[in-house]
Amino acid sequence: MSAQNSAGIQTLLDSEREASKIVQKAREFRTKRVREARDEAKKEIEAYRQSKDDEFKKFESEHTQGNKQAEDEANKEADAKIQEIQAAGKKGQAKVVEDLLKAVFEVKPVVPDRA
């Protein structure tokens, strides 16, 4: 009976070792699959981010082009106004200087009224 018990115990131990190996392989496979899934998800996220980045750059370039044209037009108008103001200033510059010098050199003292 002892030999039979010993053989039965040995069979159980062998079965337990084999089950342990199967469980270990399953854990390794699961761990490997989780890593693969994580890497795959990272790749998908990066691809999605890149596509949205490209989409945004395209949108931005389409809409800033109109702003660029408006900005250039506004700059041209501003430059034209500045030129106009400078021309008007140069045109009246001699008269202004003459009036200032006349006011400084031709002093007309006035006695203040006492109230």
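**Entry 1: R17 and D14.** I looked up R17 and found that R17 forms a salt bridge with D14, with 2.8 Å between the closest N and O atoms. A salt bridge here is a side-chain nitrogen of Lys or Arg within 4 Å of a carboxyl oxygen of Asp or Glu. I note that side chains of opposite charge can pair when their charged atoms come close.

**Entry 2: the model.** I record that this is a predicted model, in which local features need pLDDT of at least 70 and side-chain atom pairs count only at pLDDT 80 or more, while totals for chains, interfaces and linings use all residues. Residues are numbered from 1 along each chain as its sequence is written, and side-chain values use heavy atoms, with hydrogens and water left out.

Entry 3: R17 and D14 both lie in helix α1, three residues apart, about one turn of the helix; helices (H or I, at least four residues) are DSSP runs, numbered from the N terminus. I found R17 partly exposed at 46% relative accessible area and D14 partly exposed at 37%. Buried means under 20% relative accessible area, exposed over 50%, and partly exposed in between (1.4 Å probe, protein chains only).

**Entry 4: other pairs.** I counted five salt bridges in the structure. Among them, R49 pairs with E46 at 3.2 Å, and E55 meets K52 at 3.5 Å, N to O. E55 and K52 also lie in helix α1, three residues apart.

**Entry 5: F105.** I looked up F105, which lies in helix α1 (residues 2-105). F105 counts as exposed, at 67% relative accessibility.

Methods: Helices (H or I, at least four residues) and strands (E, at least two) are DSSP runs, numbered from the N terminus.
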